[in-house]
Amino acid sequence: MKVSVLGTGYVGLVSGVCLAEKGHHVCCVDIDPDKVEKTNRGVPVIHERGLEGLLKKNIGKRFTATSDLRKAVLDSDLSMIAVGTPFKGDEIDLGYIREVSKQIGAALREKSTYHVVVVKSTVVPGTTQEVVLPVIEEFSGKTAGAAFGIGMNPEFLREGVAVEDFMSPDRIVLGGIDARTLDVLEELYQVFEGVDKIRTTPKTAEMIKYTSNALLATMISFSNEIGNLCTGLGDIDVVDVMRAVHLDKRLCPILPDGRRIVPQFTTYIEAGCGFGGSCFPKDVKALIAHGKKAQQPMALLQSVIQVNEQQPRQIIEILNKQFRSLKGIRLAILGLAFKPGTDDMRESPAIPIVNELAAAGASMRAFDPVARTEAEKILGTRQITYCEQLSDALDGADAVVLLTRWDEFAKLPELLADREPQPLVVDGRRMIDKKKLRRYTGIGI
Ligand code: UGA
């Protein structure tokens, strides 16, 4: 199928390149000429494992990029909207969605054959049919359901493993205004054999996306609240609690041979210093705002955000309990990115933690395997020294504060073994076995 992807960001580029790899002819569109030029040279504008290889393999064959939206739409059978939906004020900003819908509409005015427009961007329930559809009808002068179809097909890509997630999906959600649209969407995803495909309405598809993220965010805040209670009550470690909770056979089923299935989901039921990134905080807040508009207050999700916004404080409180004053204390900060496998600093719990420690007069040496440049942009260089090596960050530290679950931090006990006196380790992700360290504390102890 000939596909135009509108918006060459994280979702658009990954989707476009992967659809080309799966055999479709894809043209990615972006208003930024620099992005288009780089993409056409095979240089991905975002860092995603495996993306560069697939881009280089397909460029000039089944994949190309352009700034000419009109031509890309006219030359394709299906257009996928993958522009950003930033959270502004108290709701998502549909400005880019509206703009691109107008341009698609204008192009469709010139097209005589049937075309399908599908929204891939995360949009609140109702957007596809109440915003995208009427704008395209107005600018094309044509009627949805007759001259063109409208659909919604959310993405479930995790940053860092987005290519893998796209190529091996756990589900494909297809929302369409009618059977004809849904049939075209099924044809697009036919190449993904054996994957569960859900045929539904655009509004339900939009809701599925938000509900998926809201569930995961809720699990994290739930675990953090339990962890905080463990700390408050004393003599309970949340890791012991959660390990036993996970053994509920409804969470980790027992196979006939006695072995356990340990679903990845259980990792979201563990305490830590909070969730971040460009999706969970924004999506949960957008759903709350949308509920408010519909006179449906989202009390639980409001608490999910509230717990998450307070969670970084736990790290400060642990340090306050352990040291008489934070002024002049020497800290090694391990991990700055919002999660491992990325240099993304957006909404990272490390931001409020570092800022508060700096305000308290702590002296910090930080190490993150990849986020240094991004961190410098946000945290500056005045209050923190960035180290090239993990061991450099540990030099002279009174305490080590672990904020991101990078695999290489697992060797911390080894690196600290010979240091005298051994610094206190404050584990914000509970990833180190506490028996391996002489001085250890963390979230939920
Ligand atoms: C999330 C969802 O997982 C994707 O399914 C979804 O498509 C994406 O948002 C999106 O809406 O675009 P992402 O934000 O990349 O993907 O990251 P996750 O790996 O889910 O992590 C989100 C937050 O949860 C991070 O702060 C991370 O530290 C935290 N987390 C993640 C945990 O606390 N525990 C985990 O096991 C995994």
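This is a predicted model: local features need pLDDT of at least 70, side-chain atom pairs count only at pLDDT 80 or more; totals for chains, interfaces and linings use all residues.
Visitor: What makes Asp32 a cap of helix H2?

Guide: Asp32 sits at the N-terminal end of H2, which spans residues 33-40, and one of its side-chain oxygens is 3.0 Å from the backbone nitrogen of Asp34. A polar contact requires N or O atoms within 3.5 Å, and the 3.0 Å between the Asp32 oxygen and the Asp34 nitrogen is therefore inside that limit.

Visitor: How do you know whether the peptide bond from Glu420 to Pro421 is cis or trans?

Guide: By omega, which is near -5 degrees for the bond from Glu420 to Pro421; the bond is cis. Most peptide bonds are trans. Pro421 belongs to the loop between helix H16 (412-416) and strand E15 (424-427).

Visitor: Why are H9 and H11 called roughly perpendicular?

Guide: Helix H9 (residues 202-233) and helix H11 (residues 280-293) have axes that cross at roughly 110 degrees and come within 9 Å. Angles of 65 to 115 degrees count as roughly perpendicular, and H9 and H11 are therefore placed in that class. The crossing in which H9 passes H11 is left-handed.

Visitor: Which residues of H9 and H11 meet?

Guide: From H9 they are Lys209, Tyr210, Asn213, Ala214, Leu216, Ala217 and Ile220, and from H11 they are Phe280, Asp283, Val284, Ala286 and Leu287. By class, the contact of H9 with H11 holds 9 nonpolar, 1 polar and 2 charged residues.

Visitor: How is the packing of H11 and H12 described?

Guide: Two packed helices are described by the angle between their axes and the distance between the axes. For H11 and helix H12 (residues 299-322), the angle is about 145 degrees and the axes are 9 Å apart. H11 passes H12 in a left-handed crossing. Pro281, Val284, Lys285, Leu287 and Ile288 of H11 make the contact with Leu301, Gln302, Ile305 and Glu309 of H12. These divide into 6 nonpolar, 1 polar and 2 charged residues.

Visitor: What is the handedness of the crossing of H12 and H13?

Guide: H12 and H13 cross in a right-handed way. Their axes are 8 Å apart, at an angle of about 35 degrees, and H13 covers residues 350-359. Pro312, Arg313, Ile315, Ile316 and Leu319 of H12 meet Pro352, Ile353, Glu356 and Leu357 of H13. The contact of H12 with H13 has 7 nonpolar, no polar and 2 charged residues.

Visitor: How many residues surround the ligand?

Guide: There are 17, and the closest are Glu159, Lys209, Asn213, Thr267 and Tyr268.

Terms used
Residues are numbered from 1 along each chain as its sequence is written. Side-chain values use heavy atoms; hydrogens and water are left out. Axes are lines fitted to C-alpha atoms, for helices over the stretch in contact, and angles run from 0 to 180 degrees between N-to-C directions. Helices (H or I, at least four residues) and strands (E, at least two) are DSSP runs, numbered from the N terminus. Angles under 35 degrees count as roughly parallel, over 145 as roughly antiparallel, 65 to 115 as roughly perpendicular and the rest as oblique. A crossing is left-handed if the near helix is turned anticlockwise from the far one by less than a right angle, and right-handed if clockwise. Contact means heavy atoms within 4.5 Å. Ala, Val, Leu, Ile, Met, Phe, Trp, Tyr, Cys and Pro count as nonpolar, Asp, Glu, Lys and Arg as charged, and the others, Gly among them, as polar. A residue is near a molecule or strand if one of its heavy atoms lies within 4 Å of it. A polar contact is a pair of N or O atoms within 3.5 Å; within protein, one must be able to donate a hydrogen and the other to accept it, and residues adjacent in sequence count only if both atoms are side-chain atoms.
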